[in-house]
Amino acid sequence: MLEPLRQGLPPLDPAAVSDAASCALPARYEAVREARQFTRRTLDQWDMGDRFDDVCLVVSELVTNALRHGLPASGRCAAGQEPPVRLHLMRWTERLVCAVRDPSHDSPVARETDDFSAESGRGLFLVDSFSDSWGWHPLAGALSGKVVWALFRLPRAGSSPNGE
C-alpha cells in the first residue's frame with residue numbers, strides 16, 4: 001500500500017513562496033503540543049485557520065515520528081547545538097508544505113497493519129490520507145539527516161474549496 005517516498009519536494013518555485021515559518025523543537029514528546037500550537041498560530045496569521053484540523057493532524061504525526069524514530073538513542077543534542085527536530089511551514093499561492101527535519105538518515109517506513117484500533121503504527125497512513133502528497137529526502141551539505149514533508153493543495157483565490 002504505502003511505500004516510503006525517497007524524493008524531494010514537488011517542483012515549487014522557491015521565489016514564489018508567499019509565507020514561511022519554522023520552529024525548533026526540543027527532544028521531548030511535549031514538543032508535539034508545541035508544534036500544534038505553532039501550527040495554529042501560523043495558520044491563523046496566514047488566514048488559513050479553516051485548514052488547521054488536517055494540517056495539525058499531519059504535523060503531529062510527522063513530529064511524533066521524528067521524535068520516536070529520528071533521534072539518537074540518547075535523544076540529546078550537544079551543548080550549544082540547535083534542537084534536533086525542526087518544523088517548517090511554507091505557503092505558496094495554491095500549496096502549503098509542512099516539513100519536519102530530524103538528524104536520522106533512515107527512511108520513514110509505513111507499517112502495514114490491519115488493526116485500526118492500535119495506538120501506534122498508523123502515522124504515515126494518516127499523513128498519506130490527510131495530505132495531498134508526502135515524501136522525504138536526505139539533507140546535504142552542512143545539514144545532516146532528512147526532511148519528511150507533506151503537501152496540501154489550497155483553493156485558488158476567489159474559488160470555493162469545492163472548486164465551484
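This is a predicted model: local features need pLDDT of at least 70, side-chain atom pairs count only at pLDDT 80 or more; totals for chains, interfaces and linings use all residues.
Residues are numbered from 1 along each chain as its sequence is written, and side-chain values use heavy atoms, with hydrogens and water left out.

**Entry 1: inventory**

I listed three helices and five strands in the protein chain. Helices (H or I, at least four residues) and strands (E, at least two) are DSSP runs numbered from the N terminus. Read from the N terminus on, the elements go β-α-α-β-β-α-β-β. Of the 164 residues in the protein chain, 41% are buried; buried means under 20% relative accessible area, exposed means over 50%, and partly exposed lies in between, with a 1.4 Å probe and protein chains only. I also looked up the contacts (heavy atoms within 4.5 Å). Among those between residues at least 6 apart in sequence, 68% join residues at least 24 apart.

**Entry 2: the sheet**

In what order do the five strands of the open sheet lie? I read the order as β1-β2-β3-β5-β4, with antiparallel pairing. Two strands count as paired if DSSP finds at least two bridges between them. The edge strands, each pairing on one side only, are β1 (19-25) and β4 (133-138). On average, and with direction ignored, neighbouring strands of this sheet are turned by 15° against each other.

I then went across the sheet pair by pair.

- β1 pairs with β2 (residues 85-91) in the antiparallel sense over seven bridges. Leu-25 stands opposite Val-85 in β2.
- β2 and β3 pair in the antiparallel sense over six bridges, and they form a hairpin with three residues between them.
- β3 and β5 pair in the antiparallel sense over eight bridges. Here Arg-95 stands opposite Arg-153 in β5.
- β4 and β5 run antiparallel and are joined by six bridges. The bridge partner of His-137 in β5 is Val-147.

I checked burial for two of the strands. Five of the seven residues of β2 are buried, and I noted this strand as mostly covered. In β5, seven of the eight residues are buried, so this strand is largely enclosed by the rest of the structure.

**Entry 3: α1 against α2**

The axes of α1 and α2 come within 9 Å and cross at roughly 145°. Axes are lines fitted to C-alpha atoms, for helices over the stretch in contact, and angles run from 0 to 180 degrees between N-to-C directions. α1 passes α2 in a right-handed crossing. A crossing is right-handed if the near helix is turned clockwise from the far one by less than a right angle, and left-handed if anticlockwise. I noted the residues making the contact, including Ala-31, Ala-35 and Leu-43 of α1 and Phe-52, Cys-56 and Leu-67 of α2. The residues of this contact of α1 with α2 divide into 10 nonpolar, three polar and two charged. For these classes, Ala, Val, Leu, Ile, Met, Phe, Trp, Tyr, Cys and Pro count as nonpolar, Asp, Glu, Lys and Arg as charged, and the others, Gly among them, as polar.

**Entry 4: α2 against α3**

I looked up α2 (residues 52-69) next to α3 (residues 123-130): they pack at an angle of about 150°, with axes 9 Å apart. α2 and α3 are therefore roughly antiparallel to each other, a label for angles over 145 degrees. The crossing of α2 and α3 is left-handed. Among the residues that meet are Leu-57, Val-58 and Leu-62 in α2 and Leu-124, Val-127 and Phe-130 in α3. The residues of the contact of α2 with α3 divide into seven nonpolar, two polar and two charged.

**Entry 5: Asp-47**

Where does Asp-47 lie? I found Asp-47 in the loop between α1 (30-45) and α2. Phi of Asp-47 is near 55°, a positive value in a residue other than glycine. Most residues other than glycine have a negative phi. Is Asp-47 buried or exposed? Asp-47 counts as exposed, because its relative accessibility is 70%.

Note on methods. Angles under 35 degrees count as roughly parallel, over 145 as roughly antiparallel, 65 to 115 as roughly perpendicular and the rest as oblique.
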